[in-house]
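The following exercises are to be worked with the sequence and the model at hand. Each task is followed by a solution in steps.

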Amino acid sequence: MTPLPPLLSSNKLPLHSSPTFILFSKSIRPTMSSSTTSSRSISFPENRVVLGVGSVAVDFLAAVASYPNPDDKIRTTSLKVQGGGNVGNALTSAARLGLTPRIISKVADDSQGRSIIEELEADGVDTSFLVVSEGGISPFTYIIVDNKTHTRTCIHTPGSPPMVPDDLSRSSLLSALDGAKIVYSDIRLHETALLVAQEAARQNIPMLIDAERKREGLDDLLAFASYVVCSTSFPQEWTEAPSIPSALVSMLVRLPKLRFVIVTLGENGCIMLERSTDEKYDQMEEFEVDSLLEVVKSRRNENINVPTSVSSPVAKLRAQGIGTVCGRLLLGTAEKIPESEIVDTTGAGDAFIGAVLYALCANMPPEKLLPFSAQVAAGCCRALGARSGLPYHTDPRLASFLH
C-alpha cells in the first residue's frame, strides 16, 4: 500500500505547491445568477421519465417555539397541511426540476387520499399507477417542528389496507416501466417494490434506493441497487463497520452492482464513494480510506457559502479487515444557510434524492451532482413542510447547474 505523503495532509500549501495535489480535483461551485432563468434556456435531459415506488401521505405540520414537555399545553406558531411521504416528496422535487415522474403507491378513497393525488398531479407527477382502495384510510403523519432547534418529530400512521403485489397488475407494471430512465424505492411497500425491481433488472433499468434505516425487505432490494442514498447512521448500522468511509467500502464490496453510494450528513454535507471500472487497476496507488477522507476534507474551502464538491483521485481504497475497492471519494458541502432563513428540515433528504434523480437523468458528473442536490435540499429548508420550499427549474440558484 502506498503511504499518504506528509504534504498530502497539509491544508496550508497552495494547490500547485506539490505534485501530489494535482491528484485532487478543485472544488466545484456554482456561479450564482441574479435574475430568473427562462425555461427556454434550460437543457432538459433527453429521457426524463423516472418511476418511484413507495410512500405517500398527508403531513399535518405544527411549528412550535420549542418542543413541549410531558403534559404541556402549547400553541403553534404556524400550521400547514400538505402532501408527504418519501417517494411523494422526492418525485415532487424531481417534477419541479423538469422530470416526468410516475408513482406506484396506494391511498384510500377518502378526502386525504384525494388531496394526495390532486397535489401530486398539480406538480406534474403521473398518478396513473397509484392504487385507490375502496374504504380504509390514507397514510398521514403528524409533524412537530421545533423552531428553536430546527428539528422535527414525526408520528406516522400507515394507510390501510396496505399495498400488496397483487394490487399491481402485470400490464400496469410494464406500462409504468415503459421508457423509464431509472427506478427509485424508499423501501416502503417492499414486496411491491421487489416486484418492480425484478422487472426493472430484466429490462436493464437502474435502481436508486433510499436507505434511511434497516427495514423489512431492505436487503433484497439493495441487491438490485445501482445507486444508494442513505442517512448518516445507515452505513455503519448495516455493515457494522467502525467508520463511515469504511462502511461505504463495505457496501461496495457486498453490493457488486452498486455504482455509487452517498451518505447525507445534514449541515455537514455528504460523502460519496463512486466505484471505478478503470482497467489500470494494477497500476493504481492504494490508500487507507479513512485517511484519504481526511485529506479530501482538508481541500474544502470553508469561506464559500454555496455548495461545493472536492474529489480524491481514482485509487485503490482499502478498509482494514473489510476489503479494497477501486474508486474515488467525493465530499460535498451544504449551503451555509443563515440562521434566520432556516424554517424546517422536513423532507430535505427527499429533496436531495429528487435532485439526484434529475442529475442521473441529465448525466451530471458527481462533481456537479453533489452541489446541485445540496442546493435543492437547501431550498426545502427555507419553508415549512417537505414541499413548500422545493425549487422549480427556473430558480436562479439552480441556473448554473441547468445550462
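**Exercise 1.** Determine which arginine lies over the face of Phe-44, and at what distance from the ring centre.

*Solution.* Step 1: apply the criterion, by which a charge sits over a ring if NZ of Lys or CZ of Arg is within 6 Å of the ring centre and within 35 degrees of the ring normal. Step 2: the residue over Phe-44 is Arg-48, at 4.7 Å from the ring centre. Step 3: Trp-238 likewise has a charge over its face, that of Arg-254, at 4.0 Å from the ring centre.

The model is predicted: local features need pLDDT of at least 70 and side-chain atom pairs pLDDT 80 or more, whereas totals for chains, interfaces and linings use all residues. Residues are numbered from 1 along each chain as its sequence is written, and side-chain values use heavy atoms, with hydrogens and water left out.

**Exercise 2.** Is strand E2 mostly covered or mostly uncovered?

*Solution.* Step 1: buried means under 20% relative accessible area, exposed over 50%, and partly exposed in between (1.4 Å probe, protein chains only). Step 2: seven of the eight residues of E2 are buried, and the strand is mostly covered. Step 3: Phe-60 counts as partly exposed, at 25% relative accessibility.

**Exercise 3.** Describe the ring cluster that contains Phe-60.

*Solution.* Step 1: rings of Phe, Tyr and Trp (its six-membered ring) pair if their centres lie within 6.5 Å; planes under 30 degrees apart are stacked, over 60 edge-to-face, and the rest tilted. Step 2: the structure holds seven aromatic pairs. Among them, Phe-60 and Tyr-142 form a tilted pair, 5.7 Å centre to centre with 45° between the planes. Step 3: Phe-60 lies in E2 and Tyr-142 in E7, so this pair ties together parts 82 residues apart in sequence. Step 4: the centres of Phe-140 and Tyr-142 are 5.5 Å apart and their planes lie at 70°, so that pair is edge-to-face. Tyr-142 is partly exposed at 44%, whereas Phe-140 is buried at 15%.

Conventions
Helix = DSSP H or I, 4+ residues; strand = E, 2+ residues; numbered from the N terminus.
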